[in-house]
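Keep the 3D view open as you read.

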Amino acid sequence: MRTQVCIIGGGPSGLLLGQLLHLSGIDTIVLERQSRAYVKGRIRAGVLENGTCSLLEKAGVGMRLRTEGFVHNGTFIAAAGRQFRIDFQKHTGKSVTVYGQTEVTRDLYEAREDHGGIIIDEGQHVLPCNVTTKSPYVTYEKNGATHRIDCDYVIGCDGFHGISRQTIPDAVRSEFEKVYPFGWLGVLSQTPPVSHELIYANHERGFALCSMRNENLSRYYIQTPLSDHVDHWSDSRFWDELKQRIPEAAADTLITGESLEKSIAPLRSFICEPMRWGSLFLVGDAAHIVPPTGAKGLNLAFSDVHYLSEALIAFYAGDGDEGLERYSKTALARVWKASRFSWWMTTTLHRFPDQGDFSQRMQEAEIAYLETSSAAQTALAENYVGLAF
Ligand code: RFL
Ligand code: PHB
């Protein structure tokens, strides 16, 4: 088989890149390790930046997002028994849209199926080969046979545990990592959200977040120790704990119900440099991970897609490879800024196991400053709605 661009990973990054390239007449094959049902059923991000929405519109997959997404003009921060609001519109003139990653993935799959784009599901032992030569290719196994896809470029959109990053030799690759000493226990429930905007809560028992998917679907998270296990959390234990951590008015009106999904995710900041090796390019979680506190992961993956799609489109239009040469540097500049914001939100809002009195007072001062300073609120709002790309 031959294609122009072979995309490893059929998550949101891979699918969006495939869609943007298709609109410019560039041929792609998407190779995915999991089954389609598995990929479509994953529950993850919920908040889309302004620029992400524009990119999805540009890709021709903004229809449902426009009609079913919820525009949020602000968010609440709760701490020490009080709550205040950061007004995104007032501070930046922009907003975010609540629309689940599950829905984004569904829209992207439907678009690809509509134009007959190839997605090879359940491809095993995928391997990028010869990426520092003029004839790169990718091999994979399916139904007991080994297959080969020849291409011009290989794009690693295969997430944090994918193979693409690992094929870059240690001597070329630098990795920067911070593992946080806690995780997030998330629950999805068929109940009306407790608040019309998100509540990020700093509490002595640990962080909590009230989010949503729609009028009758809520998403809640609480900070848990790394040693915890989801089986230790019955629905009633989860609701009791959440109520203790969120403002009293919210706890009193919280509608609880059976959980549709419950899982624990560890929190980590991770960045790999460079994001390119020969004709292999890394995109999204394959190159970087942020803790979910700033709602940046998917958005950052999509800004990579923006830079790389523009560079590939320019290359195939005969405008040279300067964009491809610049890709890693351009993408990383934004990645580091979003990583800084996610780290800051995480540090400001969580309770660390070794948090001494000094760090505790610093955290309280940080939040008090945020509550009263228009400059601090602008800084949060500007990062939350997303830096320009
Ligand atoms: P994905 O989504 O991990 O997709 C990678 C795909 O590659 C496949 N794959 C392979 N395919 C072939 N061969 C291999 N060897 C392969 N190895 C892996 C995988 O099966 C998969 O289909 O990466 P992508 O596309 O870069 O997308 C990144 C986002 O999924 C991620 O950043 C976000 O979900 C992060 N995130 C959030 N981001 C936001 O912008 N806003 C949020 O509100 C937000 N909340 C979250 C989050 C992530 C969370 N978890 C579970 C980590 C909340 C949570 C709890
Ligand atoms: C979500 O709705 O899943 C969500 C929202 C905001 C975050 C993280 C996750 O910061």
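Start at strand E15, which gives three residues to the shell around ligand 2, the largest share of that shell. Do keep in mind as you look that the model is predicted. E15 covers residues 208–214, and strand E16 (217–225) is the other element that gives two or more residues to this shell.

Which residues come nearest to ligand 2? Among the 14 residues around the ligand, they are Tyr200, Ser211, Arg213, Tyr221 and Pro292. Two of these can be picked out by their polar atoms. Tyr200 uses its side chain: one of its polar atoms there lies 2.7 Å from an oxygen atom of ligand 2. Pro292 uses its backbone instead, with an N or O atom 2.7 Å from an oxygen atom of the ligand. Thr293 also takes part through its backbone, where a polar atom is 3.2 Å from an oxygen atom of ligand 2. How much of ligand 2 does the protein bury? Taken alone the ligand exposes 280 Å², and the protein buries 97% of that.

If you sort the shell around ligand 2 by class, you will find eight nonpolar, three polar and three charged residues. Now zoom out to the domains. Domain 1 (5–70 + 96–177 + 268–346) and domain 2 (181–267 + 348–385) both give residues to this shell, so ligand 2 lies between them.

Next, turn to ligand 1. There are 31 residues around this ligand, and Ser13, Glu32, Gln101, Asp285 and Leu298 come nearest. The side chain of Ser13 places an N or O atom 2.7 Å from an oxygen atom of ligand 1. Arg44 also reaches the ligand with its side chain, where an N or O atom is 2.9 Å from an oxygen atom of ligand 1. From Gly46 it is a backbone N or O atom that lies 3.1 Å from an oxygen atom of the ligand. On its own, ligand 1 exposes 1000 Å², of which the protein buries 89%.

Helices come into view here. Helix H1 (12–23) and helix H9 (297–316) each supply at least two residues of the shell around ligand 1, and H9 has the largest share, with three residues. By class, this shell holds 13 nonpolar, 11 polar and seven charged residues.

With both ligands placed, let's look at the sheets.

E3 pairs with strand E7 (residues 96–98) over two bridges, in the antiparallel sense.

Note on methods:
Residues are numbered from 1 along each chain as its sequence is written. Chains are lettered from A and ligands numbered from 1 in the order in which they are written. This is a predicted model: local features need pLDDT of at least 70, side-chain atom pairs count only at pLDDT 80 or more; totals for chains, interfaces and linings use all residues. Side-chain values use heavy atoms; hydrogens and water are left out. A residue is near a molecule or strand if one of its heavy atoms lies within 4 Å of it. A polar contact is a pair of N or O atoms within 3.5 Å; within protein, one must be able to donate a hydrogen and the other to accept it, and residues adjacent in sequence count only if both atoms are side-chain atoms. Accessible areas come from the Shrake-Rupley method with a 1.4 Å probe; for residues, only the protein chains shown count as cover. Helices (H or I, at least four residues) and strands (E, at least two) are DSSP runs, numbered from the N terminus. Ala, Val, Leu, Ile, Met, Phe, Trp, Tyr, Cys and Pro count as nonpolar, Asp, Glu, Lys and Arg as charged, and the others, Gly among them, as polar. Domain bounds come from an automatic or database domain assignment. Two strands pair if DSSP finds at least two bridges between them.
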